[in-house]
Amino acid sequence: MTDALPLISLRSVGRTYRAGGIAVAAVRNVSFDIERGEILAVMGPSGSGKSTLMNMIGLLDLPSEGVIYLEGTNVADLSEDRRSTLRARSIGFVFQSYNLLARHNAIENVALPLVYCGVGHKERLARAEESLAAVGMVHRAHHFPRQLSGGEQQRIAIARALIASPLIVLADEPTGALDSRTGAEILALFAALNQRGQTIVMITHDPRIATQCRRTIRLHDGEIVSDETVAALLPRRSIGS
Ligand SMILES: Nc1ncnc2c1ncn2[C@@H]1O[C@H](COP(=O)(O)OP(=O)(O)O)[C@@H](O)[C@H]1O
Ligand SMILES: [Mg+2]
């Protein structure tokens with residue numbers, strides 16, 4: 001394997017949207033590496049390019065300038081099919097709005113990504129139960145999304161993101177719809193998953209999230225304005241209400 005290489009490298013990455021004849025440079029000249037086992041926060045005000053950046057790191061979108069390497073492979077060199085397969089196997093997504101399927105219960109929602117990885121029904125359910133255990137939600141396996149609180153739904157979404165043992169979990173404003181106490185619990189869950197080795201990128205405009213991550217990248221108008229790693233984290237008690 002290619003363990004000496006960063007998990008992900010971005011080199012002079014840009015993404016320009018064209019809408020109605022107007023070009024919007026949503027991300028500009030962004031370069032950084034994500035190492036295995038890192039947990040990092042990407043911060044910036046609304047419209048600063050956070051989601052655009054996440055979509056490119058998550059292989060949902062390609063840069064219009066520059067290069068993204070995943071374990072040394074230029075992702076633009078892959079066919080669309082290969083990129084989709086790689087995304088299903090390697091990237092776990094968590095969104096502000098949970099994005100659970102309303103007509104499926106928790107364990108079915110969690111198991112779903114494995115369908116795209118060609119895993120059989122029985123193994124899917126066994127692995128979904130393990131994933132639910134990792135987020136403390138086994139006792140809600142047969143509940144439907146409408147029967148769950150926001151924090152519980154987000155835990156289910158995190159279990160779904162973990163199910164294929166992804167190289168990286170990308171979370172876009174994962175606490176944005178939660179009250180501050182529940183948000184702090186979700187952050188503590190991400191920190192615990194990272195302690196067990198999971199690489200995580202969290203996107204937020206909430207400054208409290210950064211106190212849970214050793215490394216914070218700040219964006220402004222699509223550009224990186226700082227990329228800082230602190231030696232020690234603030235005590236957990238300092239976040240939340
Ligand atoms: N599909 C799109 N088409 C055109 N402009 C877009 C599109 N998506 C985002 N933008 C623009 O790109 C900029 C960055 O957006 P986004 O990445 O969503 O920022 P953030 O997630 O930090 O709020 C904004 O100015 C936004 O309006
Ligand atoms: Mg966004």
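Contact here means heavy atoms within 4.5 Å, and helices (H or I, at least four residues) and strands (E, at least two) are DSSP runs numbered from the N terminus.

## About the model

This is a predicted model, in which local features need pLDDT of at least 70 and side-chain atom pairs count only at pLDDT 80 or more, while totals for chains, interfaces and linings use all residues. Residues are numbered from 1 along each chain as its sequence is written, and side-chain values use heavy atoms, leaving out hydrogens and water.

## Helix 5 and its cover

Let's start with helix 5, which takes in residues 150-162. Its 13 residues reach 18 Å from first C-alpha to last, close to the expected 18 Å (1.5 Å times one less than the number of residues).

Of these 13 residues, 12 are buried, so helix 5 is largely enclosed by the rest of the structure (buried means under 20% relative accessible area, exposed over 50%, partly exposed in between, with a 1.4 Å probe and protein chains only). Among the buried residues are Gly151, Arg155 and Leu162. Their cover includes strand 6 (91-95), helix 3 (106-111), helix 4 (121-134), strand 7 (168-172) and helix 6 (180-195).

Four strands form an open sheet in the order 2-1-4-5, with antiparallel pairing (strands pair if DSSP finds at least two bridges between them). Strand 2 (22-34) and strand 5 (73-74) stand at the edges with a single partner each, so one side of each lacks a neighbour in the sheet.

Strand 1 (residues 8-19) is joined to strand 4 (residues 65-70) by 5 bridges. Here Gly14 stands opposite Glu65 in strand 4.

How values were computed. Chains lettered and ligands numbered in written order.
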